[in-house]
Amino acid sequence: MYDASGERKKMKIVIISMMLGLTILLSVNVAFDDAFGTFRESRDTVKISQTNEYANYVHFQPEWKSYPRNLIVDVTTTWEREVIPGEEEQSDITKHGAKQRQNGLQYVNSKPVVAVQYDYRDCESQWFHYAKTGLDFIGYNLNFFEENTIPNSAYSDDSQKQKLQNGFAQFVPICTSKESTTYEYTVSVNDNTIGFDVYFVPSYVQQWYYFLYPKNFEHYSNEGCFANNFQKFSGICSGVDKNGGLLIVIPDELSRPMTKISVNLVET
C-alpha cells in the first residue's frame, strides 16, 4: 500500500538537508570571501619611509629692506608613505627637481620677491633637490649632528613682534598618508642678527592671513607646535591636518648675502 505520509516526510527531510547544505556552503563562501578580502586589502598598500629634500630660493626686490640679499629655505622631510607593493618609485635626481622647478614673481606681505621653487607639494614621489652635491650632503649631516647637541635658543629682542609686521613668511607643507599626523621638527637660521617665529598651521592660506588678516590667523596652539623669537628650535606637534605645514616668519633685516633657514621634519 502506498504510504503518502511517509513520502511527504522523506521529501521534507531531503528539502531540509538541501537547505542546510546550501546554508553551510554560503557561510563557507562568505567566510572565505571575507578572509580573502581582508588578505587582499592588507596587500593593497604598505607603508615605506620616504625622504624628500628640496630648497626654495628667495631674492628680495627693492621694496624690501633686505634687498639685494637672498634667502634659502632648505627642507628635508621624512614621512610614512602608503604605496602599492612593487610600484614604489625609485628616486631619480635627473628626473625630479629640474622638471618641477618654477621661477616667478610673488608677493609676500604685499612686497615682491623672485622665488625659485620646486613642486614639493606633490608628495607622490620620492625625490631630492637636483642641485645638491655630495659635499653639501656631507655638510648637512655634520651640521645636523652638531645642532642636535645645541639646546633651543632664543635671542633677546622685545621688538620682535613689531619687526615681523614688515617681515617675510615661508610656508613649508608636510607630507602624510594620514588625515592628521604628528611631526617632530627642527628649524634653525644661520644669521645671528635675526630670530624667527614658527607655527604649525592648518593650511597654506595662513601665510597670507598672518600679514593681511591677522585676526583670522590660526595656528596649532599645543605646546611644541609654535615658538617665538628663536634662532634654533626643536619641537613635536600632534594633530596636524594633512593640508597643514610650518609657517616660518622672519624680520626684514637680513645681514648676510645669503641667509639659510634649515628645516628638518620627521613624521612620527
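**Salt bridges, pair by pair**

Me: What does K47 count as: buried, partly exposed or exposed?
Reply: K47 has 49% relative accessibility. Buried is under 20% relative accessible area, exposed is over 50%, and partly exposed is in between (1.4 Å probe, protein chains only). This is a predicted model, where local features need pLDDT of at least 70 and side-chain atom pairs count only at pLDDT 80 or more, while totals for chains, interfaces and linings use all residues. Residues are numbered from 1 along each chain as its sequence is written, side-chain values use heavy atoms, leaving out hydrogens and water, and K47 comes out as partly exposed.

Me: Which residue forms a salt bridge with K47?
Reply: A salt bridge needs a side-chain nitrogen of Lys or Arg within 4 Å of a carboxyl oxygen of Asp or Glu. Here the closest N and O atoms are 4.0 Å apart, and the partner of K47 is E80.

Me: Which residue joins K163 and E253 in a network of salt bridges?
Reply: K163 and E253 meet in a salt bridge themselves, at 3.5 Å from N to O. The network also takes in K65.

Me: What is the relative accessibility of E179?
Reply: E179 pairs with K242 in a salt bridge, with N and O atoms 3.4 Å apart. K242 is partly exposed at 38%. E179 counts as exposed, at 56%.
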